[in-house]
Amino acid sequence: MNKKMVFYILKRIGLGLLTYLIVVTVTFWVMQLVPGGPWTREKALSDAVIAALNKRYGLDQPLFVQYLRYLGRAMIGDFGVSYYYKGREVTEIIFNGFRYSLGIGAAAAVLALIVGIALGTYAATHQNKFFDRTIMVLTTASVAMPSFVTALILLYIFAVNLRVVPTSPVGVDGIGPYILPVIAASLYPTAYITRLVRSSTLDVIGQDYMRTAKSKGLKPERVLMKHGLRNSVTPVITYFGPMFASIITGSLVIEKVYQLPGVGREFIRSIQNRDYPLIMGTTCLLALLLIIFTLASDIAYIIVNPRVDFD
Amino acid sequence: MKIRKNSWLVLAGTAAMALAACGGPKSQSLTVCLASEPQSLDPALNSAVDGATMLVHLDSGLYRYQKKGNALELTLDLAEEISKAQAEVIDHEPDGDGWKEVKYPNGTRYTVKLRKGIKWSDGSAITADDFIYSWNRASGASLGGDYCYMFEQIADGVAHETDDEAYPSLALKKVDDSTFTFDVMVDVPFMDQLLAFPTYFPVQKAAIDANDKEEAGTWATNPSTFVSCGAYKMSAWEHNSYITLVKNPNYWDAKNIKLDKITFALSDDDNAMLASYKSGEYQMIDSVPNEQIDTLKKDFPNEFVIAGQMGTYYISFNVNSTVFSKAANEADRAKVRRALGLFIDREYIVKEIGKAGQIPANAFVSAGLSDPAGGEFVDHNGAKRDGSGYYKKGENDADYKANVDEAVALLKEVGYAYDEAQKKFTDFPAFKYLYNTSSGHQAIAENVRDTLARYGITVNLENQDWSQFLQTRKEGNYDVARNGWVADYDDPSSYLTMWTTVSGNNDCQFGRGAHKDAAIYEADLNNNGTIEDNEKNLTWAQSYDVLMNNAAKETDANKRFQILHAAEDVLMSTGAICPIYYYTDIYMLKSNVEGFFSSPLGYKFFMYCNVK
């Protein structure tokens, strides 16, 4: 790695931290503006109880003091206890939900990568044949259709009609309930990757070095695998980081449709309950994920593609 | 716990086990679904009905509910004997910034003798100290429990609730390890219900000291630290998925607990719940999708249950709203509000929107509450005390038309112009109807809008999310809003206390702002039940607040209820409470489950169930 590259990476990390700081700050102040609060109840709490709760959680302090205190804790990932779920730590609640989001996100991402690269490459090498055309139609449909539609269609066919998997994981063990969510979460990225790989492979196939390799007498499969793939998947690497983060963080719809107790559901509930620490915890986690994966993706990109200009 | 998949294997396995046991008693278990993840299972912190259902299985109090024939009765649980005697009771009540001593010569001292040998689930003894510790903990504001006010019946409850260091305890005294006393100013008839209420359940100090160093309620979030004192103990809590209870061998009455294991699946998705019920994964579900009710009633006549519940769905008016501009004074505004309430087509709402057997309401205190005069409180409501309420329920066309005629007359009286040909008002101001975001509330709001539109009255709908909605209503920043109330115990005070001037639940803003000076109310302040000598031209504080204060101090049950009926008269005369229906509790229960019962507070009891 040269000096320029190290400097570039450090700069990106610095920018990432700054982004995190901005997200943390904006969340805090916007949360204060939202009407309602953590102690509103159908049966009102007495003033004494509200005062005691405010004191216990430091909400009786001036807002700026609260902000600084929270900022300090957010930087070390300590968000305290939930106001809603009595006696439970925010990090524990988030981890509990994150297991599901991460598991499904990772499985969906791997699935999307394997299927997407395979289909994209195959379609490119069989350009304008029947298979290629079919793939193009299907991927266009998958990219265009919102995930709540595809998720519901899958649920209706496989869980409700065919009954091959349960409709919800509540009280059910095993991986059965997670198969459909993984497929639903992977549809969009699979389609996107397929199209990405197809067009970049087509681009690569026409390059001079490919023709050279071919004229050396190498088999077409070998030419593609050894010389083509590395170049044709470069755009996928750029896409993979943000995609992975968005599958994990953006699976709200899928969590809702399949009744998954993921972090997305906790995020929505925390806002409904005005559970400040949990709102902060989930927002910061989601922001951090996006920042880290985008960063990792950019770094991977410059490693794979040394021609990147750092200026 | 594989339920759906391989269920025939499980079935075969169960059959094999039953054969192996040669007809010995089969292990009995149930999987039920009430709601999603509970907020807390610390009895002092829980305020939800589903949490209360889990708590009546995990823990126990001095009394418990049991089914006797078709009725519910309270029987002694952890207590062997509870006796009471007249005593001079000293309470400390607010006096400026401090407290003044108030003596109640006709107060009552309760003496509680606990059963011998009662134990926590960890085997240690339950003593009088446990109760004293638990009640003082639950009733102090510093714990932050929603229900700390439930101890205000006990002397020094109010002073202790404010965390004033001078009052570290309620009026509780330990006599010996298994005996303690507590003092109440007025021996209210619902005291035994309070003693069966989850907030009054004991908690183990050792478990709390060991686990709640950082945050109250931590001990109750994990089966390994959850120490219980009831029929069951917690064996698993998979957050957002399920909670499993198994029989507690240390419970004093364990031999009469039929069911060995209860699994509470945690979900609030009606459709998913119903799917799991139909497939046999769940034996009981506590809610169903509204649009399915008609089909379910037809398809599962023996399993779809509509039970009574003590609760009222109503519309509240802000008495300080000036939106009804032609109504110059409070008396006119009362007429306008009453008129708007009369237009509402309750029968349609109940039949076509609610669909769950709700009862059209014509008073604030709901059906289901008992009255010492016999029957229910609602059987004696209304000006004539004959149960006719405060207007016709509109159950047939003639009744509804009578309501509409009265409404039209009232609005004309106030001065609004009525087009007799069109049968519409032409200058009634448009107003905003506020509800919290939910399809059920929206359907009712739309019906109210459409009904009033027929009479030329424009209603604009506005919805807010729950937390914001509660705040808006509480602060009185609204004109008209949907509202609802569910009783905490079977006594009308659970409904009527909320409308005193100082109450935190006084969403109508009675006695506040401009309404403070409106001297238009009449009330039976000498409590003889005769309307002719009602005192007239009283303000809210001089009428309603005084009545509620009198009721709180009255020891004669019949007299007390007369006062409560009189208070409801005053309340309903404002027109600011427009009742729509009394709630029901709908659930589904498999027909092979015997011995189940529920209480009008919505608690479900599974411990005496027998699965055939």
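Residues count from 1 along each chain as its sequence is written, and chains are lettered from A in the order in which they are written. In this predicted model, local features need pLDDT of at least 70 and side-chain atom pairs count only at pLDDT 80 or more, while totals for chains, interfaces and linings use all residues.

**Exercise 1. Work out whether the radius of gyration of chain B agrees with that of a compact globule.**

Start with the rule: 2.2 Å times the number of residues to the power 0.38, with the radius taken over C-alpha atoms. For 612 residues a compact globule would come out near 25 Å, and chain B has 26 Å, so the two agree. Next, look at the extents: the C-alpha trace spans about 85 × 60 × 45 Å along its principal axes. Finally, 48% of the residues of chain B count as buried, meaning that 20 or more other C-beta atoms, placed from the backbone, lie within 10 Å of their own.

**Exercise 2. Find which element of chain B gives the most residues to the side that touches chain A.**

First take the contacts, defined by C-beta atoms, placed from the backbone, within 7 Å: 48 residues of chain B meet 36 residues of chain A. Then list the elements giving two or more residues: β10 (261-265), α7 (270-278) and α13 (466-475) of chain B. Helices here are DSSP runs (H or I, at least four residues), strands are runs of E (at least two), and both are numbered from the N terminus.

**Exercise 3. Describe how β8(B) and β9(B) pair.**

Strands pair if DSSP finds at least two bridges between them. Strand β8 (residues 232-238) and strand β9 (residues 242-247) of chain B run antiparallel over six bridges. Across the pair, Met234(B) stands opposite Leu245(B). Last, inspect the turn: three residues lie between the strands, and Asn240(B) takes a positive phi near 65°.

Technical notes. Buried ≥ 20, exposed ≤ 12 C-beta atoms within 10 Å, placed from the backbone. Contact = placed C-beta atoms within 7 Å.
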